[in-house]
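I opened the model to look up a helix contact, a strand with its partners, and some backbone angles. My entries follow in the order I made them.

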Amino acid sequence: MSLDSDIQLLTRVKLFEGFTHDQLRLLAFGAEALTVGHGTRLYRRDELAQGGFVVVRGKIELLSGLNDSIISTHSAGSLIGEMALISETRHAATAVATEHSEILKIPRALFMRMLEEYPELAELLQLRIMQSMDEFMEQLDRIKAKLDHATDLANRPKKTVSN
């Protein structure tokens, strides 16, 4: 992986849209390049998150629940642990490489330093987070409506057939 290819990859990450080339260069330069094999665990659920991960190549699955159910799969250009870039938090799932993968680990300290040096990025991210929350709330409303409809159907009186 070269610095230029890392910068090119970061331009595809939605959270980083609007970052200048120089800002992406700083991010790429400060990120830690990791190569992991199939079955390698990047982190466990409930561990303290130190930053985010951008998948350069390969696949990462997020697992949760008692049976380690797959909740999402991430490939090149995906950002995992977005909230850990801006806030001290714990991982909500376990991340495991399902094939040989290359990852860029972006430490929270680096990202926060960038937000301090470039306040316009902080404003841009605040807007993006608000938009993401609005989209999330809309999804929850749609799910609630479906659950309400299913409950209504289940609670309808059963019709009996008479001869």
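**Entry 1: two helices.** I looked up helix H2 (residues 21-30) and helix H3 (residues 108-117), whose axes come within 10 Å and cross at roughly 160 degrees. Helices here are DSSP runs of H or I of at least four residues, strands are runs of E of at least two, and both are numbered from the N terminus. The axes are lines fitted to C-alpha atoms, for helices over the stretch in contact, with angles from 0 to 180 degrees between N-to-C directions. H2 and H3 are therefore roughly antiparallel, a term for angles over 145 degrees, against under 35 for roughly parallel, 65 to 115 for roughly perpendicular and oblique for the rest.

From H2, the contact (heavy atoms within 4.5 Å) is made by Gln23, Leu26, Leu27 and Gly30, and from H3 by Leu110, Phe111 and Met114. I sorted the contact of H2 with H3 by class and got five nonpolar residues, two polar and no charged ones. Gly counts as polar in this scheme.

**Entry 2: provenance.** I worked on a predicted model, in which local features need pLDDT of at least 70 and side-chain atom pairs count only at pLDDT 80 or more, while totals for chains, interfaces and linings use all residues. Residues are numbered from 1 along each chain as its sequence is written, and side-chain values use heavy atoms, with hydrogens and water left out.

**Entry 3: strand E3.** Which strands pair with E3? I found strand E8 (residues 101-107), antiparallel over six bridges, and strand E6 (residues 79-80), antiparallel over two bridges. Pairing requires at least two DSSP bridges between the strands. I followed Phe53 to both sides: its bridge partner is Lys105 in E8 and Ile80 in E6. E3 covers residues 51-57, and six of its seven residues are buried, that is, under 20% relative accessible area with a 1.4 Å probe and protein chains only; exposed is over 50%, and partly exposed lies in between.

**Entry 4: positive phi.** Most residues other than glycine have a negative phi. I noted Asp46 with phi near 75 degrees, in the loop between strand E2 (41-43) and E3. At 43% relative accessibility, Asp46 is partly exposed. I also noted Asp68, with phi of about 50 degrees, in the loop between strand E4 (60-64) and strand E5 (69-74). Asp68 is partly exposed at 45%.
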